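Please keep the sequence and the model in view while reading.

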Amino acid sequence: MTAWNRRVAAATRVREVSDPDALEERLRSMGLPEGMHPDDVIAVATLLRIAETRGVGFGTTVLARVADASGLTRNVKILVLGNEGGATTLVGDHDDEITIDPLTGLPGRAYAMEVLETALQSALNAEHSVGVFSLDVDRFKTVNDARGFSAGDEALRALAAGLEESLRPDDTLCRLGGDEFTIVCPEVFGIAEAMTIAERFRSVMRDAQIDSPLAGLTASIGLAIGRADRSAEDMLREAETALYQAKGLGRDRCEVFDEDLRTKAERRITVDQQLRRALDGEGIHVHYQPIVDTATRTIVGVEALLRIVGQDGQHLNPRELVEAAEDGGLIRRIEETVLERAAATMQTLPETPEPLFLSVNVSDRQLGDSRFPLALARTLNAADFPAERLHLEINRSILDRKGAAIRLVTQLRALGVIVAIDEFIGASDAEMVVPDGVDLIKLDKRLVHGVHGERGRARAELVISGILDRQLDACAVGVETDDDLTIVSELGCRFAQGYLFSPPIDAAQLRALIANEG
């Protein structure tokens, strides 16, 4: 018993509660171990009363003696914290370092892993399973941007308090960082019960009062359920994978990690490994697909496309590659490599009446990096490639960013590059909400493939006319037949790209194609 414990016990001995059993029951309901020494029970109870009085900001640690069924005594560390709802306790081994988040008063990842490991071992021969919930506030960045960081902090504190009130006695809430929280539920009986628990967590935000810092916010949750056959690290990763799935499916929902997600996760790991090997060796390849002028049917530009050959000898899926590169923090390195190699290839092509332009894709992750315009300028300078011959293809999701989109386009246009919106399919009312400075719209192949039907042609005509009204150029992607080309040309598309002209080909094939055209 520490000196602090002795002082607290001595000061409160005359105020022992009349019902020790009720006190012990209350302490057990807060996650404290059975078999605590009576003096330490009093000390902890007193600290709880102090924590409840002082609220947020109060926190202290005591050592307590705990006897097991055989009479063997061990020391445990008990952390008592004040919060908006009263008080919270955390229990660890006497030599544990329990790190507490100063904003919410919650423990972090290390404690979550410890609690989860213990819960999994306890479920070894039990009928119940262990549930892990990974919760993230949807579009939390907009709170900081619109209301300021202090409002964001208030929202996180309110969420932490609300989630604590939603916990069952044995559940543990931790903050992993940013706006991500993890809840370990050591005892759940199947997916139905776990989903009910998840909805209770989501209701903290859904039922928030109009004057609450949580008003108008939603949360996504990823859920993993397992027993002792899963490690704590696996369970937490699976819950986070399910969280990404929930966000990808539209947010404000709960998704359960299942065999399908496990297969996808394993596939993602495989792609990541192959991607890293390719970067470390010579596995990054660039293929090129010609872009033609619809009036002359001559090649006027090429799109550079990333290609990596997998262990089975087949090209890995490009979308998988980009997602894995973004998750692994490799996207900047990859996109710079593609641009450098493509720019070098452009210098080796046969001469044409007009210099060909080079079109490259820019990921959303790159667009969110304030260093991107400067890095792009350095790459163009090192490659000695004129900025006016570079087309940057930006995903249509940029249109949702409004002010951020305008700033980004302005910075890129200042470099002299051409900005294109990729995979554009048109708003339902054909309204063109495109930032000033965009030069080109690349139509989604679904729009192009639908032009042979009456409704599809009418839709394409409406979208393309809106593009032309803005004095922008349109490029039809996915042109596969002469009829496709004829129709998109009649509708006003200046450029076309697709298998009618060529599939993606390597640099040597591209040189031969251009030479034969000349």
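## Pocket, cavity and helix contacts

The second largest pocket has a lining of 40 residues, and those nearest its centre are Met-30, Gly-31, Pro-169, Asp-170 and Thr-172. The model is a predicted one, in which local features need pLDDT of at least 70, side-chain atom pairs count only at pLDDT 80 or more, and totals for chains, interfaces and linings use all residues. Residues are numbered from 1 along each chain as its sequence is written, and side-chain values use heavy atoms, with hydrogens and water left out.

On a 1 Å grid over the protein atoms alone, a pocket is an open set of points with protein on both sides within 12 Å along at least five of seven lines, while a cavity is a set of points where a 1.4 Å probe fits but cannot get out; lining residues have an atom within 4 Å of a point. The volume of the second largest pocket is about 1,200 Å³, a volume being the space filled by probe spheres set on the points, which are joined across faces, edges and corners.

Among the elements giving two or more residues to this lining are helix H2 (20–29), strand E3 (86–93) and helix H4 (109–122). Helices (H or I, at least four residues) and strands (E, at least two) are DSSP runs, numbered from the N terminus. E3 gives the largest share, 8 residues.

By the cavity rule there is 1 cavity of 30 Å³ or more. The largest cavity has a volume of about 40 Å³ and is lined by Glu-24, Leu-27, Arg-28, Pro-33, Glu-34, Met-36 and Val-41. H2 supplies the largest share of this lining, 3 residues.

Two helix pairs are listed below. Axes are lines fitted to C-alpha atoms, for helices over the stretch in contact, and angles run from 0 to 180 degrees between N-to-C directions.

| Helix pair | Axis distance | Angle |
|---|---|---|
| H11 (331–346) and H13 (372–383) | 10 Å apart | about 30° |
| H4 and H8 (232–248) | within 9 Å | roughly 115° |

H11 is therefore roughly parallel to H13, whereas H4 and H8 are roughly perpendicular to each other. Angles under 35 degrees count as roughly parallel, over 145 as roughly antiparallel, 65 to 115 as roughly perpendicular and the rest as oblique.

Contact means heavy atoms within 4.5 Å. The contact of H4 with H8 includes Met-113 and Leu-116 of H4 and Met-235 and Leu-236 of H8. Residues in contact between H11 and H13 include Leu-339 of H11 and Leu-376 of H13.
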